[in-house]
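Colleague: I am new to this structure and would like to begin with a close look at a single part. Please take one residue first, and then carry the account on to other parts of the model.

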Amino acid sequence: MGEINLFPLFLSLRVSLTATILAIIIGLPIAYYLNRSKSRLSDIVDTIITLPIVLPPTVLGYYLLVLLGRNSPIGRFLEEYFGMTIVFTPTGAVIAALVVSIPFMIKSSKTAFASIQPEFIHSAEILGRTKLNIFFTIMMPLAWRGIVAGITLTFARALGDFGATLMIAGSIPNETMTMPIAIYDALLAGDRALANTLVLIMTFVSLTILYFINRLEKRVIQG
Amino acid sequence: MLDVNIKKSYNSFQLNIEFQANPGITGILGPSGCGKSLTLQSLAGIMKPDKGKITMNQQTWYDSGRTFWKPQQRKVGYLFQNYALFPHLTVEQNIAYGLKGMLKHEKNQRVEKWLKTIQLETYKDRHPSKLSGGQQQRVALARSMITEPQLLLLDEPFSALDQHIRHSLEEDLRRIIDETFHGVVLLVTHNIEEAFRMCNSIMLLNEGEVIQKGDRRDVLKIPASKKAAEIVGCENVFKVSSWEKEGLSIKVNTHGHIFQLKKQKVENLAHIGIRSDDVRITTWKGTDDNCFPGEILHITEGVKSFKHTVRVGSLSVHIEEVNQEEANLRWKVGDRCYVTFPQEKLICMEK
């Protein structure tokens, strides 16, 4: 066994971290909207958002392929105007990881927002703060535990994705081969030693990251 | 001055409130589900009425579909039942939350001043969970008052507190309000004693409507209807079968019992009532008017008084006697007795 190629590890970390950050930026406003709105539209949006948890990742990957592939309208648009391709690129991997993981972000934060007593929000409004200001000064701190739980689950799901990533980003070594795919690849090639090493590295890195995210949660001021 | 006239349907509940309130504390008294909280929420702008008008010192806060001021614009102080202090902020940060657009040192100065008023200077870095109920209440009050509101709404301010400290906290609250606020205060409560001690005037709410309003003494001592009597704790209300003015008195017939009442201005007489502690119970027949023979049906021993239920003909009368020992010695269930309804204590109710 020669040098271990750590590219898949770094790619995995980069992809899942990017996906998590995007999930926070996109997911929190959606969670806020779903928590506030009682319209039928929000019920529909809620259902659609839950879908990625239920569907097999390969199905999701297939949808993404159809939606963002080079022959799809969106794919052509992106290629023409931004010179961007999604399929078989790390960007594709990020999108796959984002889609499979964002439901966890939205679900946990929505529940956390919903558990805030309405009196807190009303007080803040009566005291003259704007909705946006209340979101950052009251809702985020009070929903912090739920949001961190969402971040944890999102990151974990993004890091571990295999199916959707394989469908849309493929398994090009040193380009789009993430850790889970590399492990599968090693196993297929009969390289048990490499597979074992990668599995151990993956486990250790995951544990470390989850530990630090958990610490983040503990930093909540005791209410 | 606050001028309110609003309607709102809420599920099957109808709110139809109309009143004016002047500077000073006005109590809103009523059973749970009478629309007290909904009224406060409409005034604060948390809830939007279906139609009507709310004016505060010449400002129109709400006018049917045309005008609706957001809570942020209204300058209202709202003391929630559970105080709603932000748990992640310190006492100081909580109080300063409503201040905006001012320099830091000016902000600090104002917060300091309020910390002093509520006597919690040494607690400013603590979180609300480390305070007692009474301290939390004062912080919540300071947080509202620091924004210099035009209208102060107090939603059952003592319901979350232990009985034994309520009394002194009432005094504290009254003192702070008297010293710092000269506008309209609305106090929601279902405690009659508290309403009497805290308020200047009182209005009674029932099923979404104001059924009586006026000076606290008038309202609490002379309820104008059967519902009002229930709310202010007047336990004996008898339906009037017929009545007539006769010389200097009014003769009232309730289920065959003839009561003599002092002559007063009444258009209509639907019920007469009397407080349970105003009814006298004796072993001998008195010479006063309105003395009837009765039989003791039931005795309940309270901490400070005895409560008797006495059958007087077809009426069931509640009598409360404060003088314990005497009452204890005197009465057993089944005893015959005489019940006197003093003329001056009987209340005429038009509804």
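Modeller: S109(A) is buried, because its relative accessible area is 0%, and buried here means under 20%, with exposed over 50% and partly exposed in between (1.4 Å probe, protein chains only). This is a predicted model, in which local features need pLDDT of at least 70 and side-chain atom pairs count only at pLDDT 80 or more, while totals for chains, interfaces and linings use all residues. Residues are numbered from 1 along each chain as its sequence is written, chains are lettered from A and ligands numbered from 1 in the order in which they are written, and side-chain values use heavy atoms, leaving out hydrogens and water.

S109(A) belongs to helix α5 of chain A, residues 90-114; helices (H or I, at least four residues) and strands (E, at least two) are DSSP runs, numbered from the N terminus. Leaving aside residues up to four places away in sequence, S109(A) touches L28(A), A31(A), G146(A) and I147(A), where contact means heavy atoms within 4.5 Å. A polar atom of the S109(A) side chain lies 2.4 Å from the backbone oxygen of M105(A).

An α-helix has 3.6 residues a turn, so residues three or four places apart point the same way.

Elsewhere in chain B, an open sheet of three strands runs in the order β12-β16-β22 with antiparallel pairing, two strands being paired if DSSP finds at least two bridges between them. The edge strands, β12 (236-239) and β22 (347-349), each pair on one side only. Between β12(B) and β16(B), residues 271-274, there are four bridges, and V237(B) has G273(B) as its bridge partner in β16(B).

Chain B as a whole has 10 helices and 22 strands, and 50% of its 351 residues count as buried.

Conventions:
A polar contact is a pair of N or O atoms within 3.5 Å; within protein, one must be able to donate a hydrogen and the other to accept it, and residues adjacent in sequence count only if both atoms are side-chain atoms.
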